Amino acid sequence: MTDVRLDHVSKRFGSIQALDDVSLHVAHQEFFCVLGPPGAGKTTLLRSIIGLEHPDAGTVEIGGHDVTGSEPGKRSVGIVFQNLALYPDKTVAKNLGFPLRQQSPRPSAAERDARVREIARLLRIEPLLNRRPAHLSGGERQRVAIGRALVRLHDVYLFDEPLSALDALLRVEMRAELKHLQRNLEKTLIYVTHDHVEAMSLADRICVLAGGRVQQVTSPQEIYRRPANKLVAWTIGSPPINLIEMNVVENDGQLSLDHAEIRIGSLPDGTLDPLRALMGSGATLGVRPEAVMLGRDAGDSRLACRVIAVEPLGPETIVDLELHGQVIKALTPPGVAYRPDERLPVAFDLGTAHIFGGDGATVYSADGDQSLVLHVGAPPNE
Amino acid sequence: MSSRNVSRLIVCARVLAVALFLVILLFPIFWTTTMAFKPAEEWAPTDGTTYWLPEDWTLSNFIRVLNIGDTGGFGGIIEAPLDATPSIIRSLIAGIGGTLLALVCGTLTAYGISRHRAGGRHHPFSILQMRMFPPIAVIVPILFLWTYLQLFDTVHGLALVYGAVTFPFVVWLMLSFFDEIPREIGEAARVDGCSRMGVFVKAILPLARNGLATTALFVFILNWSDFIIALSLTDANKTAPVFLNEITSASTGREFGPQAALGLILMLPPLVLAVFIQKHLVRGMTFGAIKR
Amino acid sequence: MAQIELDRIDKLFGKVEAVVDLSLDIPDGSFVALLGPSGCGKTTTMNMIAGLEVPSTGEIRMNGASVVDVPIGKRNVGFVFQNYAIFTKLTAYENIAYGLRVRKMPAAEVDAAVHRVAKLLDIEPLLGRGVRGLSVNDLQKVAIGRSMIVNPDVFLLDEPFSNLDAGFRAFMRTELKRLQRELGQTMIYVTHDQLEAMSMAEHIAILDRGRLQQWGTPEEVFDSPSNLFVGGFVGSNPMNLIDVGLQHSGFGLVARAVDGGHQLIALAAERRFATTNDGLYKLGFRPEHARLVSPEDDAVDLRGTVSLLEELGPRNIVHVGVDNLSLRVVVLPSVRPTMGERVGVAFERTKFHLFDDSGLALI
């Protein structure tokens, strides 16, 4: 069993709290993604696991052994650095062989050579073995860096944004390769990224980290459909979820969420108590851009919005709409030409909507439940 | 005047300026080289003739200064014996010794500062300050100290001072080279299983070897050409530059020929060294280490 | 206001051909993106328009008049660089005002202009602040403001957003597009990010190795790539490419997949390829233009097994292994085939492409 367990780990750099009481359990042979914006503490987390940083408080366990104070070379953990950190003066073969030479007892030259070739074959870099990093393409360097991490048989492998510097298309290709690789390796993988698509695509489970704190740990589908809070919902999805500030209003015992132009009624029973507590401060409605429907798709909706801008992306089009001074983004199929300044009927699919409380925590995620009802028009003044 | 003529004039002026600069720069080398091959009569003729090139090419200056044969005397005058060979050997030992000392200590110090912030914020700067005052300012106390430690007039004593004087120079040159090497390379080596010293020797130093070569050349030239420290700290065991300064004779005053010959010989080691490490003097080896 | 015309431009650096025989006609007031991988000549092209580089041969005309001999200071172009050039000792206000002050404009007019620009960019509250304290995002706005204020005929932007974080980049895309519409100036935007080019530009010039590959609207370059390079470069998912042998047979036009187990793809109804010669071609279709069907379905083009499922939230990507080929299909999140399941892939008949051995798309 080679699981990784972090227990109440904290780390501070001067005035910056990089990790704040982080507890995580990464299961044996799991593909675990740590997702978060730049500065969230992702890299510090990885460096604490491998031993390049020592936490101020808390413990790190690998395979049931406390490794909090041990040297990185003694942890049986491999890493692919964000900037790859290949040895520029060494050939690909020597880069791959270097970790093996440091092993004690040191494997024989023949054994080392065999292992290097095996890894090179796995990563399809055999023809490059005699080249230096400067003469490789971005994708090839990427593979060499991964190979150098894999060449020694470790229990756990760490990836620190390994695809961030590649071109968009190459990133998509390498993503699929990594997924295949992990399946063949049968190892525990911890993968850090700021790209939610990468995380969604690769991970068995995703941990969203922000401000050094764990926001949520769960499966990709779950994290998309049932984010724990506003921050998680905002982090996952591109373009990001539309957040609309609403007032919590009670009329004749009927609770509803009100906004200058729309009202959300028929709130499910479970949400009534927490929402009632927000009567003064208000709540936030979260609607994903793909749940905003325009024009013909909006049916007979009475809500009309002005088009601010249209961004055709090829397979889909982002339309920016104005809703009472706020920009709402809609993700629509291509083929319909929308023009700036035209007014379009707009509807929300509330079956995927979320309601967040004042502190950002999720009060309600519809997740297929169609009970919320959208009313259009200014709410009556009381 | 048309603009075409103006621009031609500017080009002419530029060529002239460069030529003038080159003459000033190259004349001493020309003088030394020709003088080294002139017989005694042509060194500084009293009749006012100027010999731009030696009329009578001769190797006698070299033969005399290195004491490798009989020159047969100059115009019947028996010259005082000259032998710069021991002083050249002493210069080599002191120069190389001092350079090695400064390189070893300075490189390790620079690595410590670059990677582990050794010395905090202020000490690295005070190392540079050591380089800011002239060595002559502290030469008298060192003279006393060296006499007491019985290092005065010894080659190893001189090497120690050379090492100390050029140490800050090495630290500051190597620091900039180490700073250019991505931290992750050292970290990768640690993860790969190297000890801390192993990281330095196996991963970092191979990357810094261009810098190391450049630094070694600079420091050796500094030590090799030192005059003032050697003048103060030696007596009988002179180094070559001090010896050169003292080549005089009662009959002719300054002996320009042997001085020039020795000068020419002293130019050789840095030149040879530079040729050897020339390919390292070009930087850019770290390219490809990290993604851009 | 400026209409810009590049007429058969070549640019050599020593023996390196940076730009080869490039002709572009950029309409007045349009938003144009120069798109391509690094080293494709896009920045060189921009520099030539700006006057930072002189073309080796060819003409650059602004509003019909040649500007090849006009120095950069007289071309009235505005610049925004990737590494914004900002004076760190000055305030945001002074930075924005700089261009007008060196032109010795009266203080009152400068003040009015700075406030107008700041208002457009929504940075009025920051004007009095030193730029050291500003976020990267705000700095970029100041940099844009700086080049905007001199009211240039042409705006040149060289990957201005690449230092920004992803969320703000998306926001600035919209902002810049709005700004361009309000100012009505010609804007030329250099980027290697196809998403930026697609979402903002009215016309895209795609360059590779110094040569123009395609000039068209975002829809045109996405739906009808002129060659293999454009097909591969545009789009956020790689195009599926299959080596096929094309044959006119008794059943009409038929493609036989070379790698995909020699499966037959009937293209009989495709009149646009009716006169194409028999031979080897590459058949390409986008993952977004294909769907998963039952292997027994009549519409099926290729049969294979599911090798990978990427669940990305609003859509899933299914990888289908067809022998040693791997095809991608974008599907709705509700479609979740299991690993190893046998499926059929059908691509939209009007949206696939055939590329000949030189990579050119057949029309």
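Student: How many salt bridges cross the interface of domain 1 of chain C and domain 2 of chain C?

Tutor: Zero salt bridges are found there. A salt bridge needs a side-chain nitrogen of Lys or Arg within 4 Å of a carboxyl oxygen of Asp or Glu. Do keep in mind that this is a predicted model, in which local features need pLDDT of at least 70 and side-chain atom pairs count only at pLDDT 80 or more, while totals for chains, interfaces and linings use all residues. Residues are numbered from 1 along each chain as its sequence is written, chains are lettered from A and ligands numbered from 1 in the order in which they are written, and side-chain values use heavy atoms, with hydrogens and water left out.

Student: What polar contact is there between domain 1 of chain C and domain 2 of chain C?

Tutor: One residue pair is in polar contact, both residues being at pLDDT 80 or more. The term asks for a pair of N or O atoms within 3.5 Å; within protein, one must be able to donate a hydrogen and the other to accept it, and residues adjacent in sequence count only if both atoms are side-chain atoms. On the domain 1 side of chain C, the touching residues divide into five nonpolar, two polar and one charged. Here Ala, Val, Leu, Ile, Met, Phe, Trp, Tyr, Cys and Pro count as nonpolar, Asp, Glu, Lys and Arg as charged, and the others, Gly among them, as polar.

Student: Where do the bounds of the two domains of chain C come from, and what are they?

Tutor: They come from an automatic or database domain assignment, which divides chain C into domain 1 (4-230) and domain 2 (240-355). Their C-alpha centres lie 40 Å apart.

Student: How much area is buried between domain 1 of chain C and domain 2 of chain C?

Tutor: About 600 Å², with carbon and sulfur atoms giving 68%. Buried area is the accessible area (1.4 Å probe) that two parts lose on being put together, summed over both. In domain 1 of chain C, the residues losing the most area to domain 2 are C:F222, C:D223 and C:L228, together 74% of what that side buries.

Student: And how does chain A look, with its domain 1 and domain 2?

Tutor: Chain A is assigned domain 1 (4-230) and domain 2 (242-376), with 39 Å between their C-alpha centres. The area buried between these two domains of chain A is about 870 Å², 45% of it from carbon and sulfur atoms. Of the area that domain 1 of chain A buries there, A:Y224, A:R225 and A:K230 supply 62%, more than any other three residues.

Student: Why are A:R226 and A:D367 called a salt bridge?

Tutor: Their side chains meet at 3.1 Å, N to O, and the cut-off is 4 Å, so the pair qualifies. The rule finds two salt bridges across this domain interface of chain A.

Student: What makes chains A and B a pair in contact, and how many residues take part?

Tutor: Contact means heavy atoms within 4.5 Å. Here 33 residues from chain A and 24 residues from chain B take part. Of the two pairs of chains in contact, A and B share the most contacts. Between them, B:E187 and A:R47 form a salt bridge, at 2.5 Å from N to O.

Student: Which residues take part between chain A and chain C, and what area is buried?

Tutor: The contact takes 28 residues from chain A and 31 residues from chain C. About 2,600 Å² is buried between these two chains, 58% of it on carbon and sulfur atoms. The chain A residues that lose the most area to chain C are A:L169, A:P312 and A:P315, together 20% of what that side buries. A salt bridge also joins the side chains of A:E316 and C:R315 (3.0 Å, N to O).

Student: How far apart are the closest C-alpha atoms of chain B and chain C?

Tutor: They lie 12 Å apart, and no contact joins chain B and chain C.

Student: How many aromatic pairs does the structure hold, and why is that of B:W31 and B:F256 called edge-to-face?

Tutor: There are 18 aromatic pairs over all chains. For B:W31 and B:F256 the centres are 5.8 Å apart and the planes 85 degrees apart. Rings of Phe, Tyr and Trp (its six-membered ring) pair if their centres lie within 6.5 Å; planes under 30 degrees apart count as stacked, over 60 as edge-to-face and the rest as tilted.
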